[in-house]
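Here is a short briefing for your next look at this fold. Please keep the model open beside you as you read.

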Amino acid sequence: MHADGAGLGKVQVRLKWDPSPYGEPARHLDIVAATYAAGDPYGRPEYVVHTESRSPDGTINMTRHSETGLGLGFVEVMELEFERLSSAYGRVVVGVAIHQNGGPRTFGDLTQAGVLVVEGYRRLLADDFTGVADATAATIAEFTRDASGAWHLTELIRGFDSNPTDFMAEMGNVRG
């Protein structure tokens, strides 16, 4: 939270991982965000944002996407503009899912994987997935709106044994 008590504004979730070794199928990870109604923060998501989508109002979207991990540093980035998000929403859960094409893969199978959540130059959360090494998907953070309308982050590193589609349906059931 800002020193002035305003809560979070524009936040980025950044993801990195090393590409597959030569001859192996590509390692493909996705950042996923599920948005929940203020009146039902643990119900069904109002909408889910991932590689092929963005929020209806453009406040949550992918600004960078990789299907291989190739590139320098963080190769996948999602931006969340909480200062613009409608008051109809009271909770956003962000996670990472590993595509399972080419056989089962877990976070423990990846090298140099990591996620970073920042607001401007301020680091809010960083993790290397070692705590969820046996998982195929993981929640990372829960953002909630307080009574004053300010958004706050809670670390929510929880592993799942799900494919990306099932994970999008399950990820909001976790309570921070």
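The model is predicted, so to speak from the record: local features need pLDDT of at least 70, side-chain atom pairs count only at pLDDT 80 or more, and totals for chains, interfaces and linings use all residues. Residues are numbered from 1 along each chain as its sequence is written, and side-chain values use heavy atoms, with hydrogens and water left out.

**The sheet that holds β7 and β8**

- Five strands make an open sheet in the order β4-β5-β1-β7-β8, with antiparallel pairing; strands are DSSP runs (E, at least two residues), numbered from the N terminus, and two of them pair if DSSP finds at least two bridges between them.
- β4 (60-64) and β8 stand at the edges with a single partner strand each, so one side of each has no neighbour in the sheet.
- From one strand to the next, the twist averages 20°, where axes are lines fitted to C-alpha atoms and angles run from 0 to 180 degrees between N-to-C directions.

- Strand β7 (residues 114-119) runs antiparallel to strand β8 (residues 122-127), and 5 bridges join them.

- Another open sheet of 5 strands has the order β3-β2-β6-β9-β10, and its pairing is antiparallel.
- Its edge strands are β3 (47-49) and β10 (151-160), each pairing on one side only.
- Here the twist averages 20° from one strand to the next.
- β9 and β10 run antiparallel and are joined by 8 bridges.
- A141 stands opposite E155 in β10.

- As background, most residues other than glycine have a negative phi.
- Q112 is not a glycine, yet its phi is positive at about 55°.
- You will find Q112 in the loop between β6 (89-98) and β7, and its relative accessibility of 56% makes it exposed (exposed means over 50% relative accessible area, buried under 20%, partly exposed in between, with a 1.4 Å probe and protein chains only).
- F129, also not a glycine, has a positive phi of about 70°.
- F129 lies in the loop between β8 and β9 (137-145), and F129 is buried, with a relative accessible area of 1%.

Methods:
Helix = DSSP H or I, 4+ residues; strand = E, 2+ residues; numbered from the N terminus.
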